[in-house]
Amino acid sequence: MNPDWILGLIGGLMIGAAAALYMLGNGRIMGASGLLGGVIDGTGRANLAERLIFLAALVAVPAVMVGTGAAQASRPVAGLGVLALAGLLVGFGTRLGSGCTSGHGVCGISRLSLRGIVATLIYLGTGVAAVLIARLMGGAA
Amino acid sequence: MTRLVIAGLSGGLFGAGLVVSGMTDPAKVQGFLDLFGAWDPTLAFVMGGAVVVMFLAWRIAAARNRSLSGAPLPAMPEQRLDGRLIGGAALFGLGWGLSGLCPGPAMASLFFGGPSVWVFFAAMVAGMALFGLWSRRA
């Protein structure tokens with residue numbers, strides 16, 4: 001049996017350390033949707049360089065890990081139409097709700113922020129519902 | 001300069017953590033959300049580990065008044081539960097469940113997840129741009 005939960009825990013500690021470094025170092029919340037969204041809609045103009053460097057490293061380090069064989073590649077299982085719809089929902093939803101799994105989840109819950117906790121419970125709930133619906137409809141999920 | 005170095009280190013560590021934890025694999029994320037199927041608890045360990053570290057970081061932040069770079073530490077936002085928060089989280093969750101991808105892992109897997117990750121990423125960027133236009137009008 002693969003010790004997936006041990007790797008999950010180690011990776012989780014690394015994600016937490018990244019968020020802690022960004023918060024204690026730069027005074028900012030490490031939220032993936034906020035960092036990218038601010039670049040897309042121009043609201044992050046004031047610290048654009050910082051955002052772009054964060055995002056570039058977020059893309060590059062996993063690419064190198066997989067490219068050198070240190071980690072395994074993985075691909076989405078859903079079809080292209082479903083992925084396009086899902087991408088729209090994730091993009092619009094995370095901006096409307098001001099956060100995703102990293103901002104509301106990791107940074108919000110750990111601060112005992114009511115908004116972060118409520119948002120996380122809601123996206124977990126609709127996430128479970130989406131997987132269930134996809135399963136009932138015989139979708140790829 | 002310090003800020004840029006910290007941003008690069010943090011982004012890289014975030015990406016590495018996502019890969020190590022298995023969260024760049026959409027099947028593992030959907031496995032966690034699949035309560036009525038073969039449930040995969042990994043995501044709970046990832047979230048738990050990350051939250052514990054950040055909980056300690058917030059304790060450290062409470063005892064300081066500035067970040068290392070001199071910028072103020074993030075203030076607690078106003079704790080208002082409005083329609084935007086609830087509606088936005090609900091839409092996000094639907095997309096997350098359908099794809100097994102959220103913004104961090106989607107970006108982290110751009111160069112190994114095949115063309116379908118780019119389709120998701122392009123749609124996500126479009127959704128964000130759409131929100132930008134919509135919120136400027138509203």
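Modeller: A salt bridge here is a side-chain nitrogen of Lys or Arg within 4 Å of a carboxyl oxygen of Asp or Glu. This is a predicted model, so local features need pLDDT of at least 70 and side-chain atom pairs count only at pLDDT 80 or more, while totals for chains, interfaces and linings use all residues. Side-chain values use heavy atoms, with hydrogens and water left out, residues are numbered from 1 along each chain as its sequence is written, and chains are lettered from A and ligands numbered from 1 in the order written.

Colleague: OK, how many salt bridges over all chains?

Modeller: The search of the whole structure turns up 8. Take Glu50(A) and Arg3(B): their closest N and O atoms are 2.7 Å apart. Glu50(A) sits in helix H3 (residues 48-67) of chain A and Arg3(B) in helix H1 of chain B, so this pair joins two chains. Helices here are DSSP runs of H or I, at least four residues, numbered from the N terminus.

Colleague: Is Glu50(A) buried or exposed?

Modeller: Glu50(A) is buried, at 4% relative accessible area. Buried means under 20%, exposed over 50%, and partly exposed in between, with a 1.4 Å probe and protein chains only. Arg3(B) counts as partly exposed at 24%.

Colleague: And which residue does Asp4(A) meet in a salt bridge?

Modeller: Lys28(B), at 2.6 Å from N to O. That one also crosses between chains, from helix H1 (residues 4-26) of chain A to helix H2 (residues 26-33) of chain B. Asp4(A) is partly exposed at 27%, whereas Lys28(B) is buried at 12%.

Colleague: What about Arg115(A), which residues share its network?

Modeller: Arg115(A) pairs with Asp82(B) at 3.9 Å, N to O. Salt bridges with shared partners link Arg115(A), Glu78(B), Arg80(B) and Asp82(B) into one network. Arg115(A) is buried too, with a relative accessible area of 14%.

Colleague: Switching to the inside. Which residues touch the most other members of the largest nonpolar core?

Modeller: Met30(A), Phe54(A), Phe14(B) and Met54(B), in a core of 65 residues. The rule for a core is buried Ala, Val, Leu, Ile, Met, Phe, Trp, Tyr and Cys residues joined through side-chain atoms within 4.5 Å. H3(B) supplies the largest share of this core, 10 residues. Apart from it there's another core of 6 residues, including Val19(B) and Phe112(B).

Colleague: What is Phe54(A) in contact with, beyond its neighbours within four places in sequence?

Modeller: In chain A, Tyr22(A), Met30(A) and Leu35(A); across in chain B, Ala7(B), Ser10(B), Gly11(B) and Phe14(B). Contact means heavy atoms within 4.5 Å.

Colleague: What lies nearest its centre?

Modeller: Thr101(A), Leu18(B), Met23(B), Val46(B) and Met47(B), out of 18 lining residues. H3(B) gives the most to that lining, with 4 residues.

Colleague: And how much of H5(A) is buried?

Modeller: 8 of its 9 residues, Thr101(A) and His104(A) among them. The cover over those buried residues includes H6 of chain A and H4 of chain B.

How values were computed. 1 Å grid on protein atoms, 1.4 Å probe; cavity = no way out; pocket = protein on both sides within 12 Å on 5 of 7 lines; lining within 4 Å.
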